[in-house]
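Hi everyone, thanks for coming.

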Amino acid sequence: MICGKCSKNQATVHVTEVVNGTKKEAHLCEECARSAGIGMKFTFSISDILGNLMEVPKAGKGETGSLRCPECGITYSEFKAKTRLGCANDYEVFKAGLLPLLEKVHQSTQHVGKTPRTVESVVRKESELVRLKRELETVVKSENFEKAAQIRDRIKTLETELSE
Amino acid sequence: MKWDDFLQRSGEWLKGNGPDGDVVVSTRVRLARNLSRFPFLTVANPETRSQIEQYVRGRLQEAFPTRDFQYLSLMRMPMIDRQLLFERHLVSREHAVGEGERGVAINSDETLSIMVNEEDHLRLQAMRSGLQLDLTWEGVDQADTELEKRLSYAFHPRFGYLTACPTNVGTGMRVSVMLHLPAAVISKQMDKVLQTLARLNYTVRGLNGEGTSPVGDLFQISNQATLGKSEQDILSEMRKVVPEVLKFERSWRHKLLHDEPRKVEDKVWRAYGILKHARTISSEETIELLSALRLGVHLGLLSHVPMAAVNELFVFTQPSHLQKIEGKALDPEQRDVVRAEFIRKRLP
């Protein structure tokens, strides 16, 4: 059966409407059905969902909307319209707007999965640094200067590596 | 690139010999990745796009130097060839019809494909026949780790792998399992399945991915959340949910066969009869009939038809495959004739 609206595509959506006791039937293709706003429960797209979520009015919406990323140049309003970000930096710049959105989509705002090895080693070094600095205080207090010197050297090495 | 290879062979996921193959057609895991030194493609001008493509292509060739891997550039590729890659599920529809410098790296058994400049700089996907969550994940994870040694991904300690669309951020991982649920459809039980899956935060799509409606009783279910769950969390949730759907479909198949054996047999054999003897057939009708055939094979009603033959027909009867086999462009009417002929030849 051919679509009753565009007369081009195959009709796959069949609608029966009863208006004032008169039965009306329509046979439409997917495209025409969608543009007529007939619910296609199988074919919602991610951007539709996102678009709807972002409609939620937020306090200070005006300010958020005009926020612009200095790196890629897109504004929060542009992101909302396209539902796509412009660069990695946007996650920082638009953080305030993104956090509630991420919470709605993922029920979380904290990554817990795979981490690139390079990042992993940075994280490891950073936590070692924190640990060593604490240890340094203790050994200095106990006047173990030999150990303190060793720790200080290690801290220096780590700091140079991290600043590279 | 020899396109004939694609017509001589079929991807691993089409073999139909994977675990739970009576209901699960294939398992797919994809990872979305971006490079830290380039803007996302949303704002990239053609020049930047081209730089990204060249850079990633180079790293891909270093990471996968064997002849088993080939890189295909899509920008200057004829539409019919891009369409074939899409029909093969090696690239997304958007990647096939898109514009600008972009490409795909594919291995020879088609278990791995890496799209360059799709929505994100890199989309890595592994695909396997039947329900093989671990093996599929390992395939894509290894490829990702190998690439990571050679390029720097956009990564944030809090948000994980950064993606153009915030719905993919975190692991960037989407696990999709393609299910064949004819008994649930025939018994009008699909709404129940869909509602349950939606409540569990799973997305359901048709055969051809985002924005497509279900055809041939084929449904792709995938995780929606990618942030706040590790890759293993996502997999183990899938490991719990999918068997429930399998159990549901199998019990309805059993019930159908028990309550209305003649009706089921009739449906299957009519489908076989039309496919085996039709002189012209549309792709929509083909998919619906193949679905009945697939059900028949698994219910033991059509024991002489191998599963691989049915699965291959799903792919090889699509427009681009038919035109490649014929070696020329065909209008829709000609295609319907060629399709009928092809099925008659291939169906045992």
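Let's start at Phe69(B), which counts as buried at 16% relative accessibility; buried means under 20% relative accessible area, exposed over 50% and partly exposed in between, with a 1.4 Å probe and protein chains only. Please keep in mind that this is a predicted model, where local features need pLDDT of at least 70, side-chain atom pairs count only at pLDDT 80 or more, and totals for chains, interfaces and linings use all residues. Residues are numbered from 1 along each chain as its sequence is written, chains are lettered from A and ligands numbered from 1 in the order in which they are written, and side-chain values use heavy atoms, leaving out hydrogens and water.

So which ring pairs with Phe69(B)? The partner is Phe64(B), 4.6 Å away centre to centre with 20° between the planes, a stacked pair. Rings of Phe, Tyr and Trp (its six-membered ring) pair if their centres lie within 6.5 Å; planes under 30 degrees apart are stacked, over 60 edge-to-face, and the rest tilted. Phe64(B) is buried too, at 14%.

Now look at Tyr153(B) and Tyr161(B): their planes stand at 80° and their centres are 5.9 Å apart, so this pair is edge-to-face. Tyr153(B) is buried at 6% relative accessible area, and Tyr161(B) is buried at 0%.

Over all chains, the count is 10 aromatic pairs. In chain A, Tyr76(A), Phe79(A) and Phe94(A) make up one aromatic cluster.

Stepping back to chain B, 60% of its 348 residues are buried. Its C-alpha atoms fill a box of roughly 65 × 45 × 30 Å along the principal axes.
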